[in-house]
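Please read the following report with the sequence and the structure open beside it.

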Amino acid sequence: MYRNQVRSFLPYRRLGLINIQNRCYEKADFKTSKSQEMDNTKASMSSVGLSPKQIEMFPTAKVHVPIMLTNREPIVLPFDEVPGPKSLKYISNIRQYLSEIGTQITVGVLTMMLNVGTYMNAKKPLKNLSVLFDEYGPVVRFVSPVGGDIVLINHPEHIQKVYSMEGSFPVRSALDSLEKYRSEHRNQIYGGLLTAYGEEWHRQRETVVAPLHDSVNKHISGINEVCENFTQKINNLRNHQDEITNNLYKEIYKWSFDCMGLILFSKKFTMLNTEVVYSQCDMSWLYHSLEKATDAIIECESGMQFWKLFATPAWSSLVKYCDSLDNLIGKYVLEAEQAVSVQQKNMGPVSDELFSVHNNSLVNAMLLGENKMSAEDIATIIMDMLLIGVNTITSSMSFLLYHIAKYQRAQKLLFNEINKVSGDIDVNNISKIVEQTPYLQACIKESLRLVPPIPVLTRVLPKNITIDRYNIPRGTLIVMSTQDASLKEGNFDDASVFYPERWLKDDAKEYHAFASIPFGFGARKCLRQCSLCLHLG
Ligand code: HEM
């Protein structure tokens, strides 16, 4: 399964946010009084949309109250006091003496130990993280030998506080390997949505949101066809015991690729009907390159990062398959650009085929939008959406089917609900479908609670923040273990059980709004314009 975790120091160093030696601990941040702190917390909660009543629902008493020196002044403890693995703390004393290669090795070992280094597909990262929280409490400092320390948190209130301070241009850690590929190999300074920062990121996001939304709506009936195709194929693949013996994941991947093909390219990829994926046609190459590029990114981001020093096999594979993705997507975008300019200059009719593909397509909308983008930028954004979209949807759908298969009672209830409304479904009206299928929505939400495709989220804040009682300097990489939060008994009863009903009860509102956030939150949350998750989150 694709699980996404993040670590990266590069972007922050480049932004000048991390400088451990020169880090200035502003006095003001240390001397925050308790009342100020409470006011700040309340203001931040209302800024993220919680009412005073909801604030009361999650009293600050749940969070450790700072020890009082006098009867008014709470102690805000310095960053060095944040608990964490002691052996790592010693590293902080010697890190300035480590050579570049030594640093790479240490980072690699630490990364493998904790799996805080895999953007996608870490094997059991959460187990390791929850062990850390059990041992050190809700705020854990992970000293890194390279200079930028990591702070891990898992408490919903702390997560909420981080989001409330993320600012207008939130920064999260990116994929170092993809960023290096783009900046060094393709000469792209900004990269796509995943890797861009600041105003450039904002510009790209503004350009893509509305066209993406329209594109999903336009292709609903096409997506429905792909879904029917998928169920038909699964039906045919069953053995005499009604089981799918293997390759179900691959079929789900193809289904997700076909859906994204419609949304991003307005094209019927029909990968579900294609057995030979290694053929010469563009669509097969795109599929093949996507699989291989994803594998290569996973390999580069996890474990030893020697690719930063020399071309490892994983790095060469990343370059090869990202090049291939770039070229195929670039070709499509250039075609669309050509069609648009022929039409605009009235230079005669565009061929029917070209017109039918590109008219009303997502790329067309981006080319003609107010913030006109270059073909190269559009191609990069499409590549990002393809990479993140196909993998997250495949993971979500796989676990949804897994949970429904495992919890037969839920399966029966779901079956009855769908049976009841099936005669009355209008596939083009998503809002109505959502209204008609509350149990299905609850199943999706519950499955995403148990296994969010991206189990940890990250932010680098522009200001110091006090979490629990600790001062965390600006520029520190804060890793929010959101899956850990959603699996905590304190946040959900029988937290490890698939129980969709918890989202249907009136008291569902009592769950902390940040106890399960599969799509992230704030200005940089998921674009989530897929059919599966359009109305959730
Ligand atoms: C069930 C499906 C999905 C889940 C659970 C999911 C989850 C997420 C999460 C957690 C983030 C990071 C949010 C944060 O940092 O606060 C994210 C970002 C993003 N997602 Fe999704 N995602 C899903 C599907 C998709 C699809 C289908 C697309 C493409 C059409 C997509 C495009 C993106 C993009 C472009 C970003 C980066 C946004 C930015 O940095 O501004 N996601 N997603």
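Which residue in β2 does Arg141 stand opposite? Arg141 stands opposite Val151 in β2. Before going further, note that this is a predicted model, in which local features need pLDDT of at least 70 and side-chain atom pairs count only at pLDDT 80 or more, while totals for chains, interfaces and linings use all residues. Residues are numbered from 1 along each chain as its sequence is written.

**Confidence**

The pLDDT, which is the predictor's confidence in each residue on a scale from 0 to 100, averages 77 for the protein, and 71% of the residues score at least 70. Confidence is lowest in helix α1 (residues 10–14), with a mean of 30, and highest in helix α8 (residues 156–164), at 97. Over residues 1–69 the pLDDT is below 50, and this stretch has 121 contacts in the model beyond near neighbours in sequence, a contact being a pair of residues whose C-beta atoms, placed from the backbone, lie within 7 Å. Residues 115–125 also have a pLDDT below 50, with 43 contacts beyond near neighbours in sequence. Where pLDDT is low, the predicted coordinates should not be read in detail. For the complex, the predictor gives an ipTM of 0.98 and a pTM of 0.80.

**Strands**

Helices (H or I, at least four residues) and strands (E, at least two) are DSSP runs numbered from the N terminus, and two strands pair if DSSP finds at least two bridges between them.

| Strand | Partner strand | Bridges | Facing residues |
|---|---|---|---|
| β1 (residues 139–142) | β2 (residues 150–153) | four bridges | Arg141 and Val151 |
| β3 (residues 457–460) | β6 (residues 477–480) | four bridges | Leu457 and Met480 |

Both faces of β1 are covered, with Val139 and Arg141 buried on one side and Val140 and Phe142 buried on the other. Here a residue is buried if 20 or more other C-beta atoms lie within 10 Å of its own, exposed if 12 or fewer, and partly exposed in between, with C-beta atoms placed from the backbone. Strand β3 is likewise covered on both faces, by the burial of Leu457 and Arg459 on one side and of Thr458 and Val460 on the other.

**Helices**

Helix α10 (residues 198–218) has 21 residues and reaches 31 Å from its first C-alpha to its last, close to the 30 Å expected at 1.5 Å a residue, where the expected span is 1.5 Å times one less than the number of residues. The helix α10 bends by about 25° at Val209, and Pro211 follows within four residues; the bend is the angle between axes fitted to the seven residues ending there and the seven starting there. Its buried residues, including Trp201, Val208 and Leu212, pack against α12 (248–265), α16 (362–368) and α17 (375–406).

In helix α13 (residues 282–301), the end C-alpha atoms are 28 Å apart, which agrees with the 28 Å that its 20 residues should span. Among the buried residues of α13 are Leu286, Tyr287 and Ile297, and their cover includes α9 (176–185), α12, α14 (313–344) and α17. Just after α13, Gly303 takes a positive phi of about 70°.

**Two individual residues**

Phe415 lies in helix α18 (residues 408–421) and is exposed, because 12 other C-beta atoms lie within 10 Å. Cys526 is listed by UniProt, in an unreviewed entry, for "binding site", and such annotations may be inferred rather than shown by experiment. Cys526 lies in the segment after α21 (482–486) and counts as partly exposed because it has 18 C-beta neighbours inside 10 Å. Not counting residues up to four places away in sequence, Cys526 touches Phe519 and Gly520.

Technical notes:
Two residues are in contact if their C-beta atoms, placed from the backbone, lie within 7 Å.
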